[in-house]
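Welcome! Here is a short tour of some side-chain contacts, written for someone meeting this structure for the first time.

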Amino acid sequence: MHSQLVYTRKGSGEPLVLIHGIGHRRQAWDSVFEQLSTKYDVIAVDLAGFGDSPAYPHGVKYDMRNACDNLVANFAAWGIERPHVVGNSLGGAIALELGARNLVRSVTALSPAGFFGLVNKVQTFVLLIMLRVSSQLPARALQYTANRAWGRKLVGSSLYTHPERFTPEQVLGDALALKNCTGFERTLFAGVRYTFRQRVVVSTTIAWGTRDLILPYSSSAIAQERLPDAQHVALPRCGHVPMIDDPELVVRVIDQTVAAADPRVRVA
């Protein structure tokens with residue numbers, strides 16, 4: 001099984017793959033993409049069934065094994081091997097799975113899935129379903145909401161502490177990506193049953209927004225207990241998608257993780 005994934009690529013140096021969360025798209029990394037591309041060969045990817053990437057073939061499950069196998073097949077197609085990976089939410093869980101399989105050189109996981117408490121699991125499920133349902137409004141209604149400051153704040157407040165930083169075009173693009181993605185429900189139902197309990201064998205940092213509403217910061221304590229050898233970093237005043245709220249801090253965390261795996265990489 002090999003689903004060809006759509007991606008944006010820029011820069012040179014060590015390969016660095018950016019993996020978005022459920023319902024999102026590769027443009028989630030726009031706030032850090034250019035800065036990272038001055039140091040790395042950066043690839044921001046749309047996962048299968050999200051953004052512009054086609055869904056998995058009929059009968060293929062949206063599970064971690066297939067996600068990892070598909071990404072590794074795409075790594076080969078892109079001419080890279082064992083890249084550094086950065087993932088957010090679902091993407092963070094996939095990044096950790098790749099690290100546990102020793103298929104990547106380092107892992108930076110931003111508010112990764114897989115460390116749910118029971119209450120958090122219900123909260124996450126409900127909030128994500130609400131986002132999905134709200135995205136099903138007619139395109140004109142989504143456009144109307146995106147064009148207004150209150151609408152952008154309403155739409156983004158569960159994901160970011162600074163939704164006001166988005167343009168109407170960005171908000172509408174994200175809403176349409178969530179509306180039209182074909183992998184959402186199958187990924188969500190698999191995801192809420194998913195638990196990460198493996199050992200990651202590469203340089204790993206888990207960074208968590210202290211104002212995360214989707215996967216609350218309290219989940220970071222579970223991550224610390226299960227992965228004591230990883231670096232654990234709090235991202236003050238950041239929400240669930242922290243590269244929007246504090247892009248400079250997220251870039252520093254990525255740089256430090258990569259440098260720990262490769263001493264040749266200099267940290268500014």
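Arg9 and Asp41 join their side chains in a salt bridge, with 2.6 Å from N to O. This pair connects distant parts of the chain: Arg9 belongs to strand E1 (residues 7–10) and Asp41 to strand E3 (residues 41–45), 32 residues apart. Keep in mind as you look around that this is a predicted model.

Arg9 has 34% relative accessibility and counts as partly exposed, whereas Asp41 is buried, its relative accessible area being 11%.

In total, the structure holds 9 salt bridges. Side chains of opposite charge can pair when their charged atoms come close. In another of these pairs, Arg105 meets Glu14, and their closest N and O atoms are 2.7 Å apart. Arg105 sits in the loop between helix H3 (90–100) and strand E5 (106–110), while Glu14 sits in the loop between E1 and strand E2 (15–19), so the bridge ties together parts that are 91 residues apart in sequence. Arg105 is partly exposed at 24% relative accessible area, and Glu14 counts as buried at 18%.

Glu97 and Arg101 make a salt bridge too, with 2.3 Å between the closest N and O atoms. Here Glu97 is buried, with a relative accessible area of 3%, and Arg101 is partly exposed at 34% relative accessibility. Elsewhere, salt bridges link Arg26, Asp46 and Asp52 into a network.

## Aromatic rings

Let's turn to the rings. The structure holds 8 aromatic pairs. One of them is formed by Phe75 and Trp78, a tilted pair with 6.0 Å from centre to centre and 50° between the planes. Both residues lie in helix H2 (residues 64–78), and because they are 3 residues apart there, about one helical turn separates them.

Are Phe75 and Trp78 buried or exposed? Both Phe75 and Trp78 are buried. They also belong to a cluster in which ring pairs link Tyr7, Phe75 and Trp78.

A ring can have a charged neighbour as well: Arg148 lies over the face of Tyr144, 3.6 Å from the ring centre.

## One side of helix H8

Which residues are buried in helix H8 (residues 184–191)? Phe184, Thr187 and Leu188 are buried there. These residues cover an arc of only 100° around the axis, and therefore lie on the same side of H8.

Key: Residues are numbered from 1 along each chain as its sequence is written. This is a predicted model: local features need pLDDT of at least 70, side-chain atom pairs count only at pLDDT 80 or more; totals for chains, interfaces and linings use all residues. Side-chain values use heavy atoms; hydrogens and water are left out. Buried means under 20% relative accessible area, exposed over 50%, partly exposed in between (1.4 Å probe, protein chains only). Helices (H or I, at least four residues) and strands (E, at least two) are DSSP runs, numbered from the N terminus. The arc is that of the directions from the helix axis to the C-beta atoms. A salt bridge is a side-chain nitrogen of Lys or Arg within 4 Å of a carboxyl oxygen of Asp or Glu. Rings of Phe, Tyr and Trp (its six-membered ring) pair if their centres lie within 6.5 Å; planes under 30 degrees apart count as stacked, over 60 as edge-to-face and the rest as tilted. A charge sits over a ring if NZ of Lys or CZ of Arg is within 6 Å of the ring centre and within 35 degrees of the ring normal.
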